[in-house]
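Biologist: Before we begin, could you take me through this structure slowly, setting each value against its definition?

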Amino acid sequence: MKKNSIDLLMFISIIVISIFGIIMIYSASYIWAEYKFNDAFKYVKHQGLFFIVGVIFMIMISKIDYHIYLKYANKILFGCLVLLILVAIPGIGTVRNGSRSWFGIGSFGIQPSEFTKLALIMFTSKYLVNNEKNLKDIKKGVLPILGITMFVFALIMLQPDFGTGTIVVISIVGLLFVAGVNFKFFFKIGIIGVIGVVILIAVAPYRLARIVSFLDPWSDPLGSGFQIIQSLYAIGPGGLFGYGFLNSRQKHFYLPEPQTDFIFSIISEEFGFLGIVIVASLFLTIIIRGFRISRNCSDMFGKYLVFGIIFQVAFQTVLNLMVVVGLIPVTGVTLPFLSYGGSSLLITLCSMGIILNVSRSQK
C-alpha cells in the first residue's frame, strides 16, 4: 500500500473537538466534582489521561496497515464477547447508574461494550467481503451476521444498556444496506424491531417511565421528566452567544451528571447558537471526510470498515442530540468526543486512527 499523508483536516478536527470536550467537561462538572470528591478537576484529570493515551493510540494505529483487522477480526470479536459475558457476572462487573457495564480498575472504569462496537464492525466488514455472492440470499448471507449481531445485543441488554445495544444493531443494519441487501428485507426487520422495542419497554418499568416523560415531561417534573426539563431550560436561554464559559446555571445541581449524556445542553447554555454551530461544523467535517474516505477506498474491506465506523459515530451523535432537545426518550447514549467517558473517548480515537490509516492509501 502506498504511504501518503493522513487526512489532515479530519485529524485537526478530531483533536480540536476532543480538546473542546475536555474543556467543557471541566465547565460542566467542577461543581459536582467539588461536592462529591472534593476535587474540582476529578473528571477532567480522568478524561485528560484517556485523551492523551487515545491520541497516542490514534497516531500509532494510523500507521498500522488496516488489513491486519481483516486477519484478526474473528479473534478480536471473540475476546470482546468474553469480556461482555464477564462484565455481566455479579462480583466481576461494576454497577454504575443501574447498569453492570464496567470493569472497575481503581478509580477508572473500562466499558467492554465500547470495544465490542468496533470489533463487530471489523467482523461484519470481513463477513461482507467474504460473503459478497451470498448477500442476495437472506437465509444464507444475511441471517448469520444478524444472528451474531442479536447475540451481541442480548449480551449488552443483560447489563442492561439499551442505548448502546441500539447503536450496535443500527450500525450493522447500515453496513448491510450499503452492501446491497434487498431494501424489502429492512422493512420487515423494521417491523420486527418495533415489536421488539415495545416488548423491551413493557418488561422494564423505567423504560416506560422514560416514554411517558418524553411525551409529557411535566407529568412527573421531579421524577422521570426532570432531566429533559432541565436540559431544555439549559438550551432555551442560550441565545446567540450564551451566558459565557463557566456561567451555566443548570450545572448547579439542576441537570444531573451534566458532563455525560447532556453535555451538549451545557455547551448550548454557555456558548449559545454560536457554540452549536461550531460543534456541528466539527462533527460534520469529521463525518463528511469519513464518508469520503470510505467512498474513495478501492479495497472493499476498507470501504466497509470506514463506513461502519463513521456511520456509527454519526448515528450516535444524532441519537444523543435528539435526546438532549427532547425529540426522543432518554437513551443514556453519550456524545462522541465531548461527553465524559474514558472508554468511549479511547475507542473513538482508536477508530479514527483506523480511518486515518485508510486515508493514507488515497491520493
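Biologist: Where is Pro160 found?

Modeller: Pro160 is found in the loop between helix 5 and helix 6, where helices are DSSP runs of H or I of at least four residues, numbered from the N terminus. This is a predicted model, in which local features need pLDDT of at least 70 and side-chain atom pairs count only at pLDDT 80 or more, while totals for chains, interfaces and linings use all residues. Residues are numbered from 1 along each chain as its sequence is written, and side-chain values use heavy atoms, with hydrogens and water left out.

Biologist: What kind of peptide bond joins Gln159 and Pro160?

Modeller: The bond joining Gln159 and Pro160 is cis, with omega at about -10°. As background, most peptide bonds are trans.

Biologist: Why are helix 5 and helix 6 called roughly antiparallel?

Modeller: Helix 5 (residues 138-157) and helix 6 (residues 162-178) pack at an angle of about 170°, and their axes are 8 Å apart. The axes are lines fitted to C-alpha atoms, for helices over the stretch in contact, with angles running from 0 to 180 degrees between N-to-C directions. Angles under 35 degrees count as roughly parallel, over 145 as roughly antiparallel, 65 to 115 as roughly perpendicular and the rest as oblique; helix 5 and helix 6 are therefore roughly antiparallel to each other.

Biologist: Which residues make the contact, and how do they divide by class?

Modeller: Taking contact to mean heavy atoms within 4.5 Å, the residues include Val142, Ile145 and Leu146 of helix 5, and Phe162, Thr164 and Gly165 of helix 6. The residues of this contact divide into 13 nonpolar, four polar and no charged, where Ala, Val, Leu, Ile, Met, Phe, Trp, Tyr, Cys and Pro count as nonpolar, Asp, Glu, Lys and Arg as charged, and the others, Gly among them, as polar.

Biologist: How are helix 10 and helix 11 oriented, and why is that term used?

Modeller: Helix 10 (residues 263-296) packs against helix 11 (residues 300-324) at an angle of about 160°, with the axes 9 Å apart. That angle makes helix 10 roughly antiparallel to helix 11. Among the residues in contact are Phe283 and Ile286 of helix 10, and Val306 and Phe307 of helix 11. By class, the contact has 13 nonpolar, four polar and two charged residues.

Biologist: What makes helix 11 and helix 12 oblique?

Modeller: Helix 11 and helix 12 (residues 342-360) pack at an angle of about 140°, with axes 10 Å apart, and they are therefore oblique to each other. The contact includes Leu305 and Ile309 of helix 11, together with Ser351 and Met352 of helix 12. In this contact there are nine nonpolar residues, one polar and no charged.

Biologist: Why is the pair of Tyr26 and Tyr30 called stacked?

Modeller: Rings of Phe, Tyr and Trp (its six-membered ring) pair if their centres lie within 6.5 Å, and planes under 30 degrees apart count as stacked, over 60 as edge-to-face and the rest as tilted. By this rule the count comes to twelve aromatic pairs. The ring centres of Tyr26 and Tyr30 are 5.2 Å apart and the planes stand at 25°, so the pair is stacked. Both residues lie in helix 1 (residues 8-37), four residues apart, about one turn of the helix.

Biologist: What about Tyr26 and Phe41?

Modeller: For Tyr26 and Phe41 the ring centres are 5.1 Å apart and the planes are at 20°, so this pair is stacked. The pair links distant parts of the chain, with Tyr26 in helix 1 and Phe41 in the loop between helix 1 and helix 2 (42-61), 15 residues apart. Elsewhere, ring pairs link Phe20, Phe245 and Phe271 into a cluster.

Biologist: What sets Leu246 and Glu257 apart in their phi values?

Modeller: Most residues other than glycine have a negative phi. Leu246, although not a glycine, has a positive phi of about 75°, and phi of Glu257 is near 45°, a positive value in a residue other than glycine. Leu246 is found in the loop between helix 9 (226-235) and helix 10, and Glu257 lies in the loop between helix 9 and helix 10. Leu246 counts as partly exposed at 30% relative accessibility, and Glu257 counts as partly exposed at 24%.

Terms used
Helix = DSSP H or I, 4+ residues; strand = E, 2+ residues; numbered from the N terminus. Buried < 20%, exposed > 50% of the residue type's maximum accessible area, 1.4 Å probe, protein only.
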